[in-house]
Amino acid sequence: MLEECSGRNAPPAALETRGLSKRFGELQANDRIDLQLHSGEIHAILGENGAGKSVLAKALYGVNLPDEGTILRDGRVVVIDSPRKARALGIGLVFQDFRLIPALTVLENILLALPDQRMRLRRKVLTERIAQAAARFDLRIRPHARVRDISMAERQQVEILKLLLSGARVMILDEPTSLLAPQEVDALGRVVSELRDQGLALALITHKLMDVRSMCDRVTVLRGGVVQVRGVNPAGLDDTKLVDAVVGRRLPQVRSHPRQPVHDPTLAFQAINIDVEAEHGRLALSELTMEVERGEIVGVAGVSGSGQRELAEVALGLRGIRTGGLRVLGRDVSNGRPAEVLEAGAAGVSEDPLATDVVPGLTVTEHMALSRLKLPTRRLGCDWRALERQVAALPEAQILKIAAGGRQVTTLSGGNVQRIMLCRTLAGDPGFLVMAYPTRGLDLANAVATQDLLLRHARDGAGVLLMSEDLDELFLLSDRIIVLHAGRVVACVDPEVAERHDVGSLMLGLAA
Amino acid sequence: MKKSLRRAAASGLAILIATLVLFPIVDITVEDCLVRTTPFVLCGLAVAVPARAGLVNIGGEGQFTFAMVVVTATVLLVGDTIDAFLLLPLLAVAGLLGGAVWAGIAGLLRVTVKLNEALSTLLLNFVSPLILAYFVFGPWRDRSSFNLPVSKPYPDAAQLPTFGLTQVHLGIVLAVVAAVLAWAVLDFTRWGFTVRVVGGNPEAARRAGLPVNRIVFVALLIGGALAGLAGMIEVTGVERVLRPNIGVGFGYIGFLASWLVGHRPLELLASSFLLASISVTGDSLQINAGLPSTSVYVLMAVVLLLVLAIRGLITRSKAD
């Protein structure tokens, strides 16, 4: 284990854990974790999905109580048994998916979080305080905008400001770069270094090496709930060492994929000049024309909210189009309902399966019946056992190691649910796949297996429309990448020759 | 499987305790309880089936009443010309249809203009008694009834057969059959599966290409039909005449019975029996002890709270 000794007379850490352990059933999520967050430092907590980073963050923020171990704030032992207690101790957490109320304004959201409010809301005073703090930390905040109208980057800044105004001196950011475009990440870097210079202790939870390199003064690496690297300056470690610490093995490489010519001339998906309405009559997609050939993977890049979700929904018949035409595998589905599009041979993984695909109370096998697999019947009833055998025989089920058929899906972790959804989508070899963030929530090994499966399905003749927030994934898998900005296709690039930074600029609506 | 067994045992135990307390204290007979159980089971199913599709049907009351109007209309039209073997099934169909039509209004509003079915079914409860009143105060009033608002008594052919010399009629058999059927269909058939998917997550059902609106509509129709059957059974098995205020509150008690057991049809038989015992107790209290009729609601509330508390304690201690 790599360690760095602190000087004998150093001041106590702003936040420290000693031997922190947390177990969920069979899973030892955190195993005797020692961590020191110092004021004026940005400390990366690096690890794969499922390494125990979020569990650790939740323990520090009082969401779950650790089984063993102690937490010290400025050298004093404290018990953090609720987020309220954490906030009272000056500890704040910026959740990955943010916890703002979209219908309220920025100001109102901040008001909600402040402990020292009286009955009467004093908006003027608070507006001033927001303006002051924003200027001090170089945050760009429009206090009177509604949260639903502002970008992810702005929401993040609102969260940060909210914590600052409520007196946080220790700030934990959970995967702060996951929803940001490259340029927005740079802006975040400037904000956190400003916070550091103002004397805050920052912990940055991430699975991206780049974040560690560009923003952090120290890094702690977790793997399987155990600390692998403790509080080291990342400059002293090369990439191979860090990656080894994170994954504990060599990265499996996805095979290069020379595209096979497919002889079927039918397009998997074709959109001709479509306009798609979002809520409130705003156009989510305008004059969009694109096609996906069979055997081709078309990546869609864009900062979140650029129309990817609408495109994915339109491609599966879940959302109507206002004008234009749509064809899926040769069939006209311009007025398509989901059943028709599925019938034509499409299938998809949605952006947020927990909300839109998981049915509470149903088992894994029952979820599998909602796919291209035919639910076998026996006498008058359904033959669930036969379906379970059928699922177990799927190559995808074996590769992705999906959970036992009798388990209730709501009791499974996010990664497990995602693998079930992937398996269900790929079952029965659909000719057109709409994959929205297919590797979200998966650990590295499963993400690679999933990417491999997608390439395999494309080689076998499926057309794939791939949305991803991970540019690396888009570059790795796609034959073409189209870039969406504000509901329009602004570019179509060849990943073999394009530069990441240029794609990032396009995503933000800047000229490449 | 284990979980459902445990649940069944828990509610069974709670109901047993409550009933054991109840029977010795007041003077009621199993016979009366069984007669009262019948409409409660069916009105409970009227809630349970739509509930599994994620719907809240508070309209058992109205569906029950409207069905009695349709049944009586049928009796008045053809009651004297057909014998019991054909007439009773015909009346059952009339009851099922009457209830389904009444629920269908709410179902149609739900799938066309997205009007919440809890609201529409509840409000329709205030409409069907008025329709009933119109007929019994008007065209159907029996001249020989000393001006009371009642219809002519049903002919013998339109009366449900009873068992031996008891008051217990065929209805309880129908109720049990309906509950078993509902259980089998919901838990074991493909259609029941789609209902559960829609009830669990309508968006997931939509994304899987299921006809969500159709499933919602049909589930509500079935619910209404079952409440309608309860109305048919009550009017042909107990009252044998149409008058206002038959089975007032049965729809709501069915609602309670269903919620009490998480909309599981087989357990509904037990909860309905329990509520029927309490309801009959109320009648006897009123007659024997001179208590106001509303005292039964106090009793019902106390027992319900007890049942819920006991079950809550049992399931919580198991969960920990």
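## Some words to start with

Two residues are in contact if their C-beta atoms, placed from the backbone, lie within 7 Å. Helices (H or I, at least four residues) and strands (E, at least two) are DSSP runs, numbered from the N terminus. Residues are numbered from 1 along each chain as its sequence is written, and chains are lettered from A and ligands numbered from 1 in the order in which they are written. This is a predicted model, where local features need pLDDT of at least 70, side-chain atom pairs count only at pLDDT 80 or more, and totals for chains, interfaces and linings use all residues.

## A sheet in chain A and its helix

Let us begin with an open sheet of four strands in chain A, in the order E13-E12-E15-E16 with antiparallel pairing; strands pair if DSSP finds at least two bridges between them. Its edges are E13 (283–293) and E16 (331–332) of chain A, each pairing on one side only. E16(A) is joined by two bridges to the antiparallel strand E15 (residues 323–328) of chain A, and A:Val328 has A:Arg331 as its bridge partner in E16(A).

Across E12 (267–277), E13 and E15 of chain A lies helix H9 (residues 308–315) of chain A, at about 125° to E12(A). Such angles run from 0 to 180 degrees between N-to-C directions, with axes as lines fitted to C-alpha atoms, for helices over the stretch in contact.

## A covered helix

In helix H1 (residues 53–60) of chain A, seven of the eight residues are buried, that is, with 20 or more other C-beta atoms, placed from the backbone, within 10 Å of their own. Among them are A:Lys53, A:Val55 and A:Leu60. Just after H1(A), A:Gly62 takes a positive phi of about 80°.

## Where the chains meet

The contact takes 20 residues from chain A and 14 residues from chain B. On the side of chain A, H10(A) gives the largest share, three residues.

## Nonpolar cores

A nonpolar core is a set of buried Ala, Val, Leu, Ile, Met, Phe, Trp, Tyr and Cys residues joined through C-beta atoms within 7 Å. The largest one has 168 residues, of which B:Leu42, B:Leu45 and B:Leu226 touch the most other members. Helix H10 (residues 212–239) of chain B gives the most to this core, with 17 residues.

Leaving aside neighbours within four places in sequence, B:Leu42 is in contact with residues including B:Ala175, B:Leu226 and B:Ala230. Apart from this core lies another, of 64 residues, among them A:Leu20 and A:Met215.

Methods
Buried ≥ 20, exposed ≤ 12 C-beta atoms within 10 Å, placed from the backbone.
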